[in-house]
Amino acid sequence: MKEWFETKFGSAPYKEVSIVKFSFEADSHEDTAFKQYTLLLDAGVIQGHLEFSTKKGILIFETNANPKEILSKELTSVTIDSEETIAYEKVMESNNMFV
Amino acid sequence: MEKKKQSVVTNSYGADLPYATRSVCPECKRTLDAQVYDNNGKVNIKRTCPEHGEFDEVYWDSTSEFNRAKGFASNARGLLNTNVGITENTGTNCPYDCGLCTNHHSHTALANIAVTNRCDLSCWYCFFYAKEGDPIYEPTVDQIRNMLKNMKHQQPVPCNAVQFTGGEPTLREDMIDIIKVAREEGYQHVQLNTTGMTIAFNEGYAQALRNAGVSTLYVSFDGTTEKTNPKNLYEMPKTIEECRKAGLGIVLVPTLIKGINDGDLGNIIDFALRNVDVIRGIDFQPVSFVGRMPKSQREAQRITIPSAIDLIEKQTNGVIKPKDFFTIPCVSSVTNFIETITNSPQYSLDNHFACGAATYIFIEEGKVVPLPDFIDVEGLFKFLNERAEAIKLGKSKTIESAKLLLKIKSFINEEKKPKALNLAKLLFNALVKHDYSALGEFHKSSLFIGMMHFMDPYNYDQQRVERCDIHYAMPDGRVIPFCAFNVVPELYRDKVQTQYSVSWDDFKKNYKGSDSPLAKYKRDTAKLKDDPAFKNAYGENKYFK
């Protein structure tokens, strides 16, 4: 049975998630967007963004995912700058407009 | 007030052909520079993927109609509180940055909330229904309430209209409660997207929906013959009867596919007119292709807005003409004028001019009269824009409103207009006094005919998605433009619904219905054919013989 966690935004499928900030190399804006797309396809990645202008990315992972492995699969040169576990409720809070 | 837009395609909005935009590769979904250009009287969109080569697709079937629509391109305000999220999405990787991101130009005019992925039909062109063993996505009432609250907090204009969709929403036992929640959260327009089956076969259900707060049913209806409408040809008359008893309005939603139902548009309009006490409108939706499809098949089945309008002209014997249709953002001149008079941001429909078109028709002494036959629509919009500009430049609101009062009758042809309509009074009350009570009567005596062409990966134009004002609310708080939601379902629709779904086994354990949760509708054709509602429903064309 799938476990649900109560939040102030209704029940959520995660209690905690990993937020990973990283630096990467990319040839072009187009290439960066495509890398973001392929990373987001991974079931372990919940949401995220790769910014070509700064070569910095932020991805939110399920806690049982292996960020290093997933990132290195798609990005040839990547350095993880920080990794922290946060409550998923914080992600929902940042997504919502009414807080 | 407007958030800074960084998009590379913003500046080309409303530019002459050819113009630059961005699109995706239909094969790998890589984002690509693209060009929208004139191709011998048609408008095409082309781009080249480094891996999969060139894709060149019809975008609009008529360059001249495209240019006419472009004349109504309006600037949208967007949102002040875009929800870019903790991952700081800036929109630079559109359409993978939703949303809504800071690059988005429109507020939510209609919020879509998918309440289930179960459906009791299995239409061949729809891929969005769960099969035996699949996870089931049915957000809880609390999750739905939060999605509604979220959209209601958009600034400066809160969302005010919601459509519950699926799957088939009426398969949920708690659908009535969900509708009540939308009303509790302050939504004035609550629409239910349905095949109509539950309504047809459950006496009193239409009334219960109406009592709970449903404003309109949005019912798929692809044609008036067995060939064009295998889905609900036999059932629709019963759905209409139930709605008639309940006083619940219907908008018919035909999906248009060349070679399937493109010969039936006139009959669909005729059918609607014969039931105009119940049917408030028709929203024709030219097909958008899901999944990969060879070019020959796309060319065989694709219809775009101008060719659908041409078909309407032919099939209504020239009664409804291309010039009767206006692109949706044309109404921004009305919004602009009211905003100037009231000094407050208004609900606006500032989507891309290529997304849709619409008109209204009336029945007067047994004949069909399109609204532009008796209102100089372009002249009125131009006059409203001039008054708004004058007020912005410091002229008196009272004097400019008085000019409107003096001039308004000159835009109306009294001889041709329906006699029961006091249009001058209705327009002045709505525009200057903001008294919209008479608009209800306008809608009841008219039939809305609209077109909305949702995109697919082959004709995808980022410029359109940035201005989309029909959005999906997701339970994680993000808000996704309709065509991003469906063009890259793997990132939005499917991904989030998988995260928020329960396994088939878990769903079955908790399911309280008497049938299987995925029971399919079984038609009793002989019985339906015998039903008086069906016998009187179709038959000879009344208005376009």
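Modeller: In this predicted model, the part in question lies in chain B, where the axes of helix α7 (residues 265-274) and helix α9 (residues 305-315) come within 8 Å and cross at roughly 70°. Two packed helices are described by the angle between their axes and the distance between the axes. Angles of 65 to 115 degrees count as roughly perpendicular, and α7(B) and α9(B) are therefore roughly perpendicular to each other. Their crossing is right-handed. On the side of α7(B), the contact is made by Leu265(B), Gly266(B) and Ile269(B), which meet Ala308(B), Leu311(B), Ile312(B) and Gln315(B) of α9(B). Of the residues in this contact, five are nonpolar, two are polar and none is charged.

Elsewhere in chain B there is an open sheet of four strands, in the order β1-β2-β3-β4, with antiparallel pairing. Its edge strands are β1 (19-24) and β4 (53-60) of chain B, each of which pairs on one side only. Averaged over the sheet and with direction ignored, neighbouring strands are turned by 35° against each other. The antiparallel strands β1(B) and β2(B) are joined by six bridges, and Arg22(B) stands opposite Asp33(B) in β2(B). Helix α1 (residues 63-70) of chain B lies across β2, β3 (42-49) and β4 of chain B, and runs at about 90° to β3(B).

Chain B also touches chain A: 35 residues of chain B are in contact with 32 residues of chain A. On the chain B side, the elements that give two or more residues are β2 (31-39) and α2 (141-152). Helix α2(B) provides the largest share, five residues. The composition of this side of chain B is seven nonpolar, 18 polar and 10 charged residues.

The C-alpha trace of chain A spans about 40 × 30 × 20 Å along its principal axes. Of the 99 residues in chain A, 40% are buried. Among the contacts in chain A with a separation of 6 or more, 61% are between residues 24 or more positions apart.

Four strands of chain A form an open antiparallel sheet in the order β4-β5-β3-β6. Because β4 (45-51) and β6 (78-87) of chain A stand at the edges with a single partner strand each, one side of each is left without a neighbour in the sheet. In this sheet, neighbouring strands are turned by 15° against each other on average, direction ignored. Six bridges link β4(A) to β5 (residues 56-62) of chain A in the antiparallel sense, and His49(A) stands opposite Ile58(A) in β5(A). Helix α2 (residues 67-74) of chain A lies across β3 (16-24), β4, β5 and β6 of chain A, at about 140° to β6(A). Helix α3 (residues 88-95) of chain A lies across β3, β5 and β6 of chain A, and runs at about 100° to β6(A).

Note on methods
Residues are numbered from 1 along each chain as its sequence is written. Chains are lettered from A and ligands numbered from 1 in the order in which they are written. This is a predicted model: local features need pLDDT of at least 70, side-chain atom pairs count only at pLDDT 80 or more; totals for chains, interfaces and linings use all residues. Axes are lines fitted to C-alpha atoms, for helices over the stretch in contact, and angles run from 0 to 180 degrees between N-to-C directions. Angles under 35 degrees count as roughly parallel, over 145 as roughly antiparallel, 65 to 115 as roughly perpendicular and the rest as oblique. A crossing is left-handed if the near helix is turned anticlockwise from the far one by less than a right angle, and right-handed if clockwise. Two residues are in contact if their C-beta atoms, placed from the backbone, lie within 7 Å. Ala, Val, Leu, Ile, Met, Phe, Trp, Tyr, Cys and Pro count as nonpolar, Asp, Glu, Lys and Arg as charged, and the others, Gly among them, as polar. Two strands pair if DSSP finds at least two bridges between them. A residue is buried if 20 or more other C-beta atoms lie within 10 Å of its own, exposed if 12 or fewer, and partly exposed in between; C-beta atoms are placed from the backbone.
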